[in-house]
Amino acid sequence: MKKFTSLILALVLSLASVACAEETGSIYYLNFKPEVAEAWEALAAAYTAETGVPMTVITAASGTYEDTLKSEIAKTEAPTLFQVNGPIGLKTWKDYCYDMSGSAFYDELTNDAFALKNGDAVLGIAYLTETYGLITNTALLEKAGYSVADITNFETLKAVAEDITARKDELGFSAFTSAGMDSSSDWRFKTHLANMPIYYEYLADGITSTDAIKGTYLDNYKAIWDLYINNATCEPTTLAAKTGSDAEAEFQLEEAVFFQNGDWEYGAISEYIPDENLTMLPIYIGVEGEENQGLCTGTENFLCVNSQASEADIQATLDFLYWLVTSETGTTTLADTMGFDIPFKAAKESTNYFKKVAAESVAAGKTPVTWNFTTMPSETWKNGVGAALTDYAQGTGEWDAVVTAFVDGWAAEIAAAN
C-alpha cells in the first residue's frame, strides 16, 4: 500500500511540475548574429539561473537566417523570439508577430522610430544600432605615407589604394582585405555595399523605398567594387571561395589597411590591434558632395515575439526582453560583451571603440548614411546580385549582368511578392 501511495505521490508531483513549467513558459531565441552567439548563450544561462525560466538560444549560420527561420517556425517547439530585418521582412512574418504595444519592453524604448509597426500594432522593436564602413589600420596607413586626413572622397581613396598596391611588395601589406563571395562574406557586398547606390538614388529622388530601382549610381558601385577586387590581398579570380574569416584574419594579421565591415567586428579586431591604430572611414563611391558623408548607421535587428506561441511562452519572452534592457546583467552584456548601442532608457555606454568613432563623425557634421538595404525586395534579389558580382570578379561575366540583376531583378521580385 505504501509503495502504491508513493507512486501516486510521485505522479502527482510530476504532473504538478509539468503544469508549473507550462504556466511559467519558456523562451527559444533564434539568433541572427553568429559573432555574438556565445554571448547570447551565456546570457540565456544567466537568465535561467536567476529566474528558473528555461531559455534556449540557437544561432543560424551566416546568410541562412530566413531559411532557418522558415524551417524552425514550422516545428512544434518553434522560436518564441526571432528577428526581421525591417519592413520587407515584416511583410513575410507579420502573421507570426505579436503586438508588443502594451508591453513593458516597448515602454523602455527611447524613441518610437525604433518600433516596427503595422498600423498601431508594434510588431518589431529594434534592440541595437550599428555602424559600418571601411575599418582602417592607421598605423599601416602611416607606414605607407598617408593619414586619414588624406582620404576625403573616392578619388583620394583610389589614389591611396592604388599607390599601396604599386608598392605592396615593398610595404609588406595590401590596400584591402579579400572581398570574399563565400556565403559567410558576400553579404558585405551584395547587401552592405549595395546600400550605397540605393542610398544615393533614394536621396536624389526624395524617396525612402521603391518598387522600381533605376540604378542611377551603379557606375559608382562598379568603381568601388573594382577598387576592392583589384587592390586586395588576393586575385579577383579566387573570391568565390574566400570567407568572412579570411578577411578578418588578414586584417588582424595586418596584411591590409582597409576592411569593409562594421562595429560588430571590434571584439575580434581589438585583440590584435589597439584602439590608437584603428578608425573607420566612410565608404566613398564617387558621388558629388561625398566629402560630407559619414558612416553607415542604422539597424536591421528588429526583435519579434512569436504570436503563435502559447500565452505562457509569449509572456515569458516578453518578461525576458524587459529584463534584457533593464537589468544590470542584460544591459552590461549588451554594452560590454556584445559592444552594442541599444535604444532603451537603461542603456549603458558601449565600450566598442568604433561607436566612439561614429559619434565623433556625427559631431563633426558628417551626414550618416541610412540603412536602405532593409528595402531590398528579397534574399533572392541579393543572391542574384551576389552571383553577378562574383562572375564579374572572376572574369566569367560582364558588368551588364550586375546591372540586370540589380534593376530587372528588383522589379521581378517586387512583382512576384505582389
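This is a predicted model: local features need pLDDT of at least 70, side-chain atom pairs count only at pLDDT 80 or more; totals for chains, interfaces and linings use all residues.
## Helices α11 and α17

The crossing in which α11 passes α17 is right-handed.

On the α11 side, the contact is made by Y221, K222, W225, D226 and I229. The residues that α17 contributes are V385, L389, Y392 and A393. By class, the residues of this contact comprise seven nonpolar and two charged, with no polar ones. K222 and D226, both from α11, are the charged residues, since Asp and Lys count as charged.

## Overall fold and dimensions

The chain contains 18 helices and twelve strands. Its radius of gyration is 24 Å, close to the 22 Å given by the globule rule for 418 residues, so the chain is as compact as a globular protein of that length. The C-alpha trace spans about 90 × 50 × 40 Å along the principal axes of the chain.

## Model confidence

The pLDDT averages 93 over the chain, and 95% of the residues score at least 70. Residues 1–21 have a pLDDT below 50. Beyond near neighbours in sequence, this stretch has zero contacts in the model.

Methods
Residues are numbered from 1 along each chain as its sequence is written. Side-chain values use heavy atoms; hydrogens and water are left out. A crossing is left-handed if the near helix is turned anticlockwise from the far one by less than a right angle, and right-handed if clockwise. Helices (H or I, at least four residues) and strands (E, at least two) are DSSP runs, numbered from the N terminus. Contact means heavy atoms within 4.5 Å. pLDDT is the predictor's confidence in each residue, from 0 to 100. The radius of gyration is taken over C-alpha atoms; the globule rule is 2.2 Å times the number of residues to the power 0.38.
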